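Please read the explanation below alongside the sequence and the 3D view.

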Amino acid sequence: MAAEHEKSGSLTSWKEIAAYLGCDKRTCCRWEKFLGLPVHRMEGAHKSRVYARKEELDAWRKSRESTHSLDKHKPGSAAWKTAFLVLALLLAATTLFFGFRKLLSPQEPADFRIDKSALVVLSEKGRELWRFETGLDNLLGDRTYREHFQVKRIGSFKIVTHPYLIIKDINGDGRKEVLFTAKIEDESGEGIVFCFDRRGREMWRFRAGRPIRFGRQDYADFIIRGFEANELDNDGRQEVIVISNARGFFPTQLAVLGSDGKLLGEFWNSGQLNDIAFVDLERDGKKEIIASGQNNEYNKGCLIVFDTARISGSSPQSVERFISPALSAGTERFYVLFPRTDVDLSEFPIESAVEFEVLSNDLILVHMALSSVLYELGFDLAPRIARTSHRFEEKHAVAVREGRIKSVLDDAYFDSLKRGILYWNGRQWTGTPSENR
């Protein structure tokens with residue numbers, strides 16, 4: 001019988017059938033039960049000896065392979081497909097989770113627009129994040145706020161304008177905050193700096209100035225001229241410096257706030273302050289605050305240097321009108337007065353140090369507003385030179401031609417201006433470069 005099966009191309013055991021199909025005996029039994037594998041039994045009983053014909057197996061395999069049925073039921077294929085499906089579902093779930101998280105988490109403020117009386121804060125892509133309603137019908141528009149956004153700018157005649165709006169990480173938490181002050185056409189009702197978190201929640205507010213008396217005059221209505229944010233003490237958080245003055249430009253408060261809005265120090269100047277900068281004059285890793293402006297008692301331009309750890313008091317004055325009984329002597333390191341020229345004395349009652357530049361060769365270049373004379377000081381505040389400008393030369397020539405002055409623009413002229421620079425040493429004005437002691 002076996003010989004007959006061999007001659008007819010038959011396989012006479014599960015072992016032979018499995019070897020022919022390239023699988024194991026258990027797989028053959030499963031294929032017989034579920035996929036109709038053509039297996040025959042000699043006596044017709046379930047446990048009888050089996051045999052199969054090769055041509056039937058070939059035909060069966062060909063029919064199953066055409067529909068990929070065999071591949072679907074190869075050993076372990078179901079487990080692999082299940083694992084693959086689980087992995088795909090996990091990846092999809094992870095993508096959805098982080099996608100929704102990004103969608104739902106507040107985006108960082110990056111830009112703004114002014115919508116009538118409201119500040120509208122925008123994302124980097126221009127999406128509205130939140131808005132702050134000021135309640136002011138005559139709030140300055142987009143163009144003005146754009147000119148006063150983030151950084152100070154130097155305009156015509158060296159006029160310095162400071163920001164009304166800053167978007168940056170103030171408290172060092174890795175998120176951006178928004179500093180904002182409302183500015184309107186007639187400047188009434190101004191005087192508050194707001195700090196908002198990235199969601200638009202108010203973190204703190206600071207009202208500039210305070211009721212104060214200078215001489216016999218009381219002042220209470222203060223206008224913010226702008227503010228700056230800079231890290232001064234290397235603690236990872238920004239300090240906020242606010243410049244404000246009473247209506248009429250006198251007196252001026254320079255206030256230094258912590259990142260939490262608390263007042264760290266204030267200095268009062270009897271005259272306008274125009275420009276401020278933050279410079280490490282001593283190369284010790286700590287920045288000083290430098291401010292330029294004018295002193296109304298002396299009608300001169302001034303330059304002031306502050307140690308950021310101790311800012312208090314008021315400018316050095318001698319006339320009652322310019323002194324506040326509520327303020328002590330100032331703790332500034334340097335208070336410098338610049339001399340008047342015969343040119344501006346013939347035209348204007350007062351001069352101002354309108355703007356200064358910190359040069360790469362450790363020099364401070366101070367610009368006078370009306371005369372346009374420039375003074376170079378070292379980082380030790382000692383004078384290097386006083387020099388002219390084209391605008392000053394033109395004004396001088398006109399004044400000479402009109403007979404208002406008779407001076408000559410020679411070396412002696414500018415040496416006299418350099419010698420005219422005065423320093424407050426804590427007791428008196430001196431021509432020797434001195435710190436306030």
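A residue is called buried when its relative accessible area is under 20%, exposed when it is over 50%, and partly exposed in between, using a 1.4 Å probe and protein chains only. The model is predicted, so local features need pLDDT of at least 70 and side-chain atom pairs count only at pLDDT 80 or more, while totals for chains, interfaces and linings use all residues. Residues are numbered from 1 along each chain as its sequence is written, and side-chain values use heavy atoms, with hydrogens and water left out.

Of the 437 residues of the protein chain, 47% count as buried. Its secondary structure comes to 10 helices and 28 strands; helices (H or I, at least four residues) and strands (E, at least two) are DSSP runs, numbered from the N terminus. A contact means heavy atoms within 4.5 Å. Among the contacts in the protein chain with a separation of 6 or more, 48% are between residues 24 or more positions apart.

Arg53 lies in strand β3, residues 50–53. Its relative accessible area is 28%, so Arg53 is partly exposed. Not counting residues up to four places away in sequence, Arg53 touches Gly9, Ser10 and His40. Arg53 and Gly9 are 44 residues apart along the chain, yet 5.9 Å separates their C-alpha atoms.

Next come the cysteines. A disulfide is a pair of cysteine sulfur atoms within 2.5 Å, and by this rule the count is 0. Cys23 is in no disulfide, and its nearest cysteine sulfur, that of Cys28, is 3.5 Å away.

Strand β9 is joined by 4 bridges to β10 (residues 177–181), and the two run antiparallel. Ile166 stands opposite Leu179 in β10.

Gln253 belongs to strand β17, residues 252–257. With 2% relative accessibility, Gln253 counts as buried. Its side chain reaches the backbone nitrogen of Gly209 at 2.8 Å. Leaving aside neighbours within four places in sequence, the residues in contact with Gln253 include Phe206, Ala208, Gly209, Val242 and Trp268.

The last topic is the nonpolar core, a set of buried Ala, Val, Leu, Ile, Met, Phe, Trp, Tyr and Cys residues joined through side-chain atoms within 4.5 Å. The largest has 29 residues, and Leu303, Phe338, Val366 and Leu381 have the most contacts inside it. Among the elements that each supply at least two residues of this core are β19 (273–279), β21 (300–307), α9 (390–401) and α10 (411–419). A second, separate core of 20 residues includes Phe112, Phe132, Val178 and Ile184.

Technical notes: Two strands pair if DSSP finds at least two bridges between them. A polar contact is a pair of N or O atoms within 3.5 Å; within protein, one must be able to donate a hydrogen and the other to accept it, and residues adjacent in sequence count only if both atoms are side-chain atoms.
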